[in-house]
Amino acid sequence: MSVHKLHTSDKAESHSADGALLSLRGLGLAVPAGKEWRPLVEEVDLSIGRGEAVGLVGESGSGKSMTARTVLGLTPPGARVTGEIVFDGTPVTGADQRALRALRTRRIAMIFQDPRAHINPVRTIGDFLTEAMIANLEVPAPEAAARAVRLLADVGITDGERRMRQYPHELSGGLLQRVMIASVLAVEPDLVLADEPTTALDVTTQSEVMAILDELRRERGMAMLLITHDLELAAATCDRLAVMYAGRIVETQPATALTSTPRHPYTSGLMLSRPSIDAVVHRLPVIPGRPLAAFEADDGCAFAPRCAHAQGLCHEGRPPVQELDGARVACVRAGELTLQGES
Amino acid sequence: MTVFLLRRLAGLAVVLLVASFLVYGLLYLVPGGPMAFLLGNRSGTPEQIAAIRAQYHLDDPFLVRYATWLGDAVRGDFGSSLVYRQDVSALMSARAATTTFLVGYSTVLIVVVGVAAGTLAGLRRGRVDNVVSAVSSAFLATPTFVIGVVLVIVFALGLGWFPVFGPGEGFGGRLYHLTLPAITLSLGSAAFLARITRASVREELGREHVETARSRGLAESLVIRRHVLRNASIPVITVTGLTVASLIAGSVVVENVFALDGLGSLFVRAILQRDFAVVQAVVLVLVTAFVLVNLVVDLCYKALDPRMSR
Amino acid sequence: MTALTTRVRGSLGSRARDGASRAVRSLGPLGVTAAALLVLVALVTLLAPVLAPYDPDQPDLFNALGGASAAHPLGGDALGRDVLSRLMWGARTTLSGPVLIICLSTVVGTTLAITAAWAGGKVDAIVSRLLDILFAVPGIVFALITVAVLGPGITGVVLGLAVAYTPYVARVVRSAALRERNLPYVAAAWVQGRSAFAICVRHLLPNLRPLIIAQSVSALGFAVIDLAAISFLGLGVQPPTSDWGLMVKSGLDSATRGQPLEALGAGLLIVLVVAAVIVLGDRLGQEEGGRR
């Protein structure tokens with residue numbers, strides 16, 4: 001176990017050497033449950049380059065959202081963070097409150113899943129958009145308001161002046177999420193953490209909002225960590241994908257490679273269990289069983305109980321991460337399996 | 001907003017009308033009818049009885065008498081007291097000042113102590129929270145008159161810091177004399193308000209939009225002020241208003257503990273002396289005040305919470 | 001003894017023990033303390049004639065405003081009556097009144113609420129308006145109005161408070177009954193041809209019972225406070241009957257003359273009983289909340 005750990009962190013080291021914006025090395029997060037620690041995220045290695053979009057894909061409870069929150073220090077009360085987070089060459093883990101705040105104000109911004117819950121319902125849209133600019137960047141209020149209206153126009157809200165005076169309950173979910181995106185653009189961060197930005201929206205507005213987000217961040221050269229359960233969406237918008245299961249990353253590959261030749265049985269399963277317009281099937285294949293949280297997994301590969309390819313070896317210890325034709329995959333049988341990708 | 005206000009005012013008028021009708025009509029439910037009241041324990045001569053019947057228009061139909069009474073009451077004329085041989089409105093206005101001062105003083109105490117303690121307990125877990133919770137539970141279970149009597153025994157009789165009875169002269173004297181009564185009236189309500197405040201601060205702290213504010217690197221003090229406390233203030237202000245309304249009822253008891261000559265003690269004396277004109281008038285004033293405070297609370301709630309206004 | 005009887009006996013015994021331990025667990029240590037205190041007070045109330053060392057109404061000039069002594073642990077009141085005995089006897093009036101108030105308001109409130117929830121439409125509208133109007137008058141003021149009509153005394157106060165408490169019961173029960181009414185089992189019983197009355201009594205009421213009990217227990221605490229307050233004002237229980245509220249009043253006079261034990265004893269008992277009742281109501285309410 002310890003040998004394996006050394007091995008992975010060596011790899012991560014080499015990754016950050018080529019100037020990654022954000023790199024997570026052996027990141028772990030555990031919350032107290034009675035007298036024990038209950039792990040939610042374990043040994044996550046991930047890096048994001050400048051301007052790069054990385055998708056973190058997994059089912060609910062896989063720890064993907066927690067991973068993103070840990071970067072900003074938004075962990076549950078009493079939680080314990082292990083491993084290392086390095087942002088732009090500076091370690092974030094163990095940083096004091098002031099350093100963390102500086103990071104949040106200008107460099108990393110987060111878009112949350114449910115804008116209706118994540119925007120204060122009793123303050124106006126204008127307040128929401130200008131608050132951070134005025135309080136953190138010391139922009140004078142009239143200028144902040146003007147900038148907010150321009151940002152609203154950027155995200156496709158034309159009657160910004162009027163919207164600024166409205167309250168969240170007067171806007172649709174799609175509009176609110178655009179407001180949230182505008183508020184993130186306002187501080188021009190280097191990295192956007194987008195936590196399921198379209199999941200809470202109507203299907204019809206999902207692709208619109210995602211397109212706006214993707215286009216604007218490319219224009220401004222911002223990197224993005226897209227957290228989603230939707231592998232197809234992630235593949236369409238991101239350069240690289242990481243698949244998470246039970247608190248661990250099981251596979252990392254460039255987006256195109258991952259969809260054509262998945263290396264982990266779980267990734268393949270995710271891809272096959274998704275309906276597609278092109279292929280008519282009578283019944284979608286499903287991954288049997290239910291997804292596990294990190295603390296529910298036993299000693300072996302956490303996916304083994306649901307895996308069609310599991311063998312005796314799979315139940316003995318966590319599978320180490322191995323390099324395989326540019327992919328990083330945590331499956332002992334990755335080399336011998338040929339898995340089905342995009343149909 | 002105007003429509004809402006008009007609707008509420010109409011509702012208020014209906015409630016007051018029904019209340020006034022009941023209060024006036026109750027006189028006729030009494031065994032022996034209104035004469036029994038008006039005569040009290042005296043047995044009048046036929047001339048006296050005839051005079052009273054004429055004075056109170058007892059020979060008119062009931063509804064006519066009610067309408068006359070209500071019409072006078074709206075203009076501030078509640079008739080005259082049988083016991084004091086004085087205008088009821090004069091009797092009340094002399095005493096309303098004491099009651100208003102007492103309720104106002106208590107309101108200030110409740111808001112300052114209750115909201116502060118509740119906010120503190122909400123923001124800080126651990127010892128502060130436990131102490132505030134325990135103290136507020138204890139005060140919640142203690143009736144105002146018991147608090148009053150204990151305060152008198154300890155601070156007025158025992159330590160001699162405060163006068164035992166009487167309302168005092170001038171603003172300073174009033175403030176000093178009414179301190180123990182106001183504390184008495186406010187402790188239970190302050191405890192209640194502290195609990196509500198604590199609960200709503202806790203609830204807001206856990207809200208997603210607070211996480212957003214934190215994720216944007218806003219200073220913690222700003223997050224607390226602009227997002228936690230601003231949002232928590234909505235239920236707190238509502239409950240404060242309702243609590244103030246209940247103080248109006250509570251003042252009846254407290255005035256009696258401290259022998260303050262306010263509306264409440266006038267009310268209790270009038271009941272004991274069967275001075276029905278006074279009883280009717282005080283009830284009407286108390287109910288009106290209670291209902292008005294409730295209306296103000298509703299208006300505040302609507303003004304504070306944009307989700308409520310349309 | 002055969003194996004069978006042992007088994008039956010064992011299971012019966014353990015079932016009783018299970019029930020008791022479940023109650024203890026759900027009440028928590030504070031809840032158990034509160035329940036124990038109330039049981040103790042109830043026992044003293046019932047056994048007052050046996051336990052009280054003196055006749056509560058017997059004046060004794062030598063004990064007038066007397067301090068604590070071996071003969072009179074809590075001293076005497078202004079007339080020299082034994083304070084301890086008066087506290088024991090006083091529990092009867094102080095506590096039976098509120099119990100009566102709660103019984104009356106619960107029965108009336110529940111009936112109104114279930115009728116309104118079941119009938120809906122106009123009946124519901126009328127009942128709701130009626131409750132709104134009652135809400136507009138503070139409970140204690142309502143009770144004082146009743147006293148004004150019927151004259152001072154426990155009857156008027158109990159009636160007045162019972163009416164004043166009714167809307168609080170009715171509001172809670174009505175919303176729960178509305179929720180319950182829309183559950184499928186009610187429709188199923190209806191389809192089976194059961195009468196409305198039978199459904200209300202056989203199904204609705206038992207399902208609402210825990211809620212009604214929790215609500216009543218909490219309200220009991222406030223009834224004790226309100227009734228004692230009115231007696232304190234001199235409009236409820238009339239002297240020379242012993243009553244805690246009255247004793248706080250007369251004790252205040254005694255206290256100005258140097259004997260604070262009467263007021264403090266009666267006040268402390270009221271606080272303890274009310275606190276215990278509130279704690280118990282809270283626990284029952286939590287359990288009810290957890291069940292839903």
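## Which chains touch

Two residues are in contact if their C-beta atoms, placed from the backbone, lie within 7 Å. Chains A and C do not touch, and their nearest C-alpha atoms are 19 Å apart. Two pairs of chains do touch, and the pair with the most contacts is B and C.

Before we go on, note that this is a predicted model, in which local features need pLDDT of at least 70 and side-chain atom pairs count only at pLDDT 80 or more, while totals for chains, interfaces and linings use all residues. Residues are numbered from 1 along each chain as its sequence is written, and chains are lettered from A and ligands numbered from 1 in the order in which they are written.

## Where chain A meets chain B

How many residues of chain A are in contact with chain B? There are 19, and they meet 16 residues of chain B. On the chain A side, α3 (97-107), α4 (115-118) and α5 (125-136) each give two or more residues. Helices here are DSSP runs of H or I with at least four residues, strands are runs of E with at least two, and both are numbered from the N terminus.

The chain A side that touches chain B divides into eleven nonpolar, five polar and three charged residues. In this sorting, Ala, Val, Leu, Ile, Met, Phe, Trp, Tyr, Cys and Pro count as nonpolar, Asp, Glu, Lys and Arg as charged, and the others, Gly among them, as polar.

## The sheet of chain A

Chain A has an open sheet of four strands in the order β2-β1-β4-β5, with antiparallel pairing. Strands β2 (36-48) and β5 (90-91) of chain A stand at the edges with a single partner strand each, so one side of each has no neighbour in the sheet. Two strands pair if DSSP finds at least two bridges between them. Two bridges join β4 (residues 80-87) of chain A to β5(A), and F87(A) stands opposite T90(A) in β5(A).

## Two helices of chain B

Now look at α6 (residues 127-140) and α9 (residues 179-205) of chain B, whose axes come within 8 Å and cross at roughly 140°. That makes α6(B) oblique to α9(B). Axes are lines fitted to C-alpha atoms, for helices over the stretch in contact, and angles run from 0 to 180 degrees between N-to-C directions. Angles under 35 degrees count as roughly parallel, over 145 as roughly antiparallel, 65 to 115 as roughly perpendicular and the rest as oblique.
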